[in-house]
Amino acid sequence: MAEYIKYVDVTKCDGCRACMVACKNWNDLPAEPEEFQGSVQSHANVTANTWNVLSFIEHEDSKGNLDYLFRHSSCFHCTDAACVKVCPEEAMHYTDFGSVNVDSDKCVGCGYCVQNCPFDVVQLATYKDKNGKEYKKAQKCTMCVDRLEEGMQPACVTTCHTDAMEFGTQEEMLKKAKKRLSEIKDKYPNAMIYNPEGVGGTHTIYVLAEKPSVYGLPEKPKVPTSAVVWKDYAQPIGKMMLGATSMALVGAFVSNKLFNKEGKGHEEDGGGSHE
Amino acid sequence: MSNTQYSGVKVKRFSMGFVIAHAVNAISFFALYITALPMYTEWFDWLYPVLGGPEGARLLHRIFAIAFVTPTFIWLIMDPKGFLRWGKELVTWKKRDIQFFTEFVKELFGFKFKHVKQTFFNAGEKINSLIQIATAILIIGSGFPMWFPDLFPKAVVQWAYVAHNVGFGLAIAVVVGHIYLSVIHKNSRPGYTGVITGDVPAEWAKDHYTEWYEEEVEKGNFPDLDKNKNKKKGA
């Protein structure tokens with residue numbers, strides 16, 4: 001199946017926040033009343049129950065003019081996702097559309113994904129079962145996979161009235177992003193396509209008007225080196241070592257049976273031989 | 001068991017402090033191992049229901065994590081002299097310690113070997129101790145950022161997962177050998193009862209830890225087996 005991308009052109013966004021509402025609505029996410037953030041922005045960041053937050057950034061451009069920048073923020077759906085790499089239960093997985101999802105039945109709420117996401121997108125939601133026992137599950141934007149499976153588009157994309165968001169095949173969306181970049185370069189000299197290589201590219205790509213750091217995004221995000229060392233080296237070597245010592249001891253046991261039948265083995269420097 | 005071949009004379013090898021500290025260390029290590037297994041590999045996911053779900057496993061892991069930190073203090077408080085001797089022996093390495101290993105490999109696989117005179121802890125036990133100390137530091141040190149991620153920078157938490165894994169991988173590999181020697185390997189087996197009761201057969205102690213045994217004989221704490229043997233022969 002072809003891979004699909006959500007394309008976000010922040011320069012077309014007017015900060016209406018309909019995408020936030022549509023996301024909450026479609027995914028049945030509870031409201032999270034927040035303290036005043038000091039701006040029009042409602043939540044500081046995405047959370048386990050708010051998968052989609054509109055950031056409002058007051059930015060002084062190179063000419064000293066105030067620019068009010070908006071960004072729809074949600075999961076980036078990395079091609080090489082750190083959360084998928086570190087998940088011990090294979091709860092984090094890639095979908096047929098190329099996006100990244102959580103299988104809630106498999107998730108044990110360990111939080112490894114939370115600690116390793118380079119974008120701070122994944123969070124743990126706390127639930128209570130019928131006995132009142134609390135448990136946690138990782139939650140984040142699903143790219144509305146349930147809608148995609150029915151041939152629909154993500155709720156946020158459908159609701160965007162300025163066409164700042166579009167959803168389509170990788171090829172088509174990348175082409176669109178490049179075209180748009182060339183159109184806005186005069187107005188925004190720092191404009192760029194945000195599709196970071198350090199995570200193998202993402203399935204939510206942006207045309208940003210300014211540098212990523214202006215939007216609170218890492219300039220060069222990557223799968224943490226620690227995650228690579230841990231999952232690709234330490235864990236397999238650990239399993240191998242346990243196997244190797246076990247095999248050495250099985251060898252020692254067998255060899256003892258073969259060569260040390262009387263249960264004796266050592267020579268004394270004077271004195272009798274005994275165990 | 002091979003105890004029957006000994007004269008029956010027992011000597012005190014381990015203090016109560018050591019016995020308790022060793023038991024707490026062993027029990028908590030295995031409890032930590034079992035409660036972490038389903039998180040380490042999916043083959044052991046069937047353990048989750050046994051442990052009370054992921055939440056139960058996590059709670060137990062944390063309870064035993066606290067227990068795992070205590071043995072050092074138990075031993076230090078109950079038997080400071082023994083603890084200090086351990087520390088001293090760990091940093092003292094002589095030619096005999098290297099010789100020990102060449103003979104030990106023969107002993108391990110059941111071939112003829114010679115006893116190389118050892119002190120209270122033989123070179124193998126010293127290596128085991130050093131690796132266990134290093135891995136315990138890795139495991140406990142990394143456990144804190146994993147338990148309280150909010151108190152540490154993100155990079156520290158991320159590397160803590162690696163350290164926890166490496167520490168555990170090394171520790172379990174060494175523990176497998178340690179247990180094999182104590183429970184299955186014939187020549188070392190009296191050490192296993194010793195670590196539970198504190199006492200070991202005198203002859204075995206003399207063979208395996210000759211220098212220490214002779215020191216204790218000089219102090220008048222242990223019977224002089226050679227003297228007894230000569231007496232028997234003379235009688």
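Across the interface of chain A and chain B, the rule picks out 7 residue pairs in polar contact, both residues at pLDDT 80 or more. A polar contact here is a pair of N or O atoms within 3.5 Å; within protein, one must be able to donate a hydrogen and the other to accept it, and residues adjacent in sequence count only if both atoms are side-chain atoms. On chain A, the side that touches chain B draws at least two residues from each of α3 (112-116), β7 (134-139), α7 (225-259) and β11. The largest share of that side, 20 residues, comes from α7(A). Helices (H or I, at least four residues) and strands (E, at least two) are DSSP runs, numbered from the N terminus.

Keep in mind that this is a predicted model: local features need pLDDT of at least 70, side-chain atom pairs count only at pLDDT 80 or more, and totals for chains, interfaces and linings use all residues. Residues are numbered from 1 along each chain as its sequence is written, chains are lettered from A and ligands numbered from 1 in the order in which they are written, and side-chain values use heavy atoms, with hydrogens and water left out.

Back to the interface: 48 residues of chain A and 49 residues of chain B take part in the contact, where contact means heavy atoms within 4.5 Å. About 4,200 Å² is buried between chain A and chain B, with carbon and sulfur atoms giving 56% of that area. Buried area is the accessible area (1.4 Å probe) that two parts lose on being put together, summed over both.

Now for the salt bridges. One is a side-chain nitrogen of Lys or Arg within 4 Å of a carboxyl oxygen of Asp or Glu.

| Pair | Closest N to O |
|---|---|
| K154(B) and D120(A) | 2.7 Å |
| D9(A) and R180(A) | 2.6 Å |
| R13(B) and E125(B) | 3.8 Å |

D9(A) and R180(A) form a salt bridge. D9(A) sits in strand β1 (residues 4-9) of chain A and R180(A) in helix α6 (residues 170-184) of chain A, so the pair ties together parts that are 171 residues apart in sequence. Both D9(A) and R180(A) are buried; buried means under 20% relative accessible area, exposed over 50%, partly exposed in between (1.4 Å probe, protein chains only).

In chain B, R13(B) and E125(B) pair up in a salt bridge. R13(B) is in the loop between β1 (10-12) and α1 of chain B, while E125(B) is in helix α7 (residues 123-147) of chain B, 112 residues apart. R13(B) counts as buried, at 4% relative accessibility, whereas E125(B), at 23%, is partly exposed.

Helix α9 (residues 190-197) of chain B has P190(B), G191(B), G194(B) and V195(B) as its buried residues. They cover an arc of only 135 degrees around the axis, which puts them on the same side of α9(B); the arc is that of the directions from the helix axis to the C-beta atoms. Their cover includes α1 (16-40), β3 (199-201) and α10 (202-208) of chain B. After α9(B) comes G198(B), with a positive phi near 95 degrees.

How far can you trust chain A? Its average pLDDT is 91, and 94% of the residues score at least 70; pLDDT is the predictor's confidence in each residue, from 0 to 100. Over residues 267-275 of chain A, though, pLDDT stays under 50. Where pLDDT is low, the predicted coordinates should not be read in detail.
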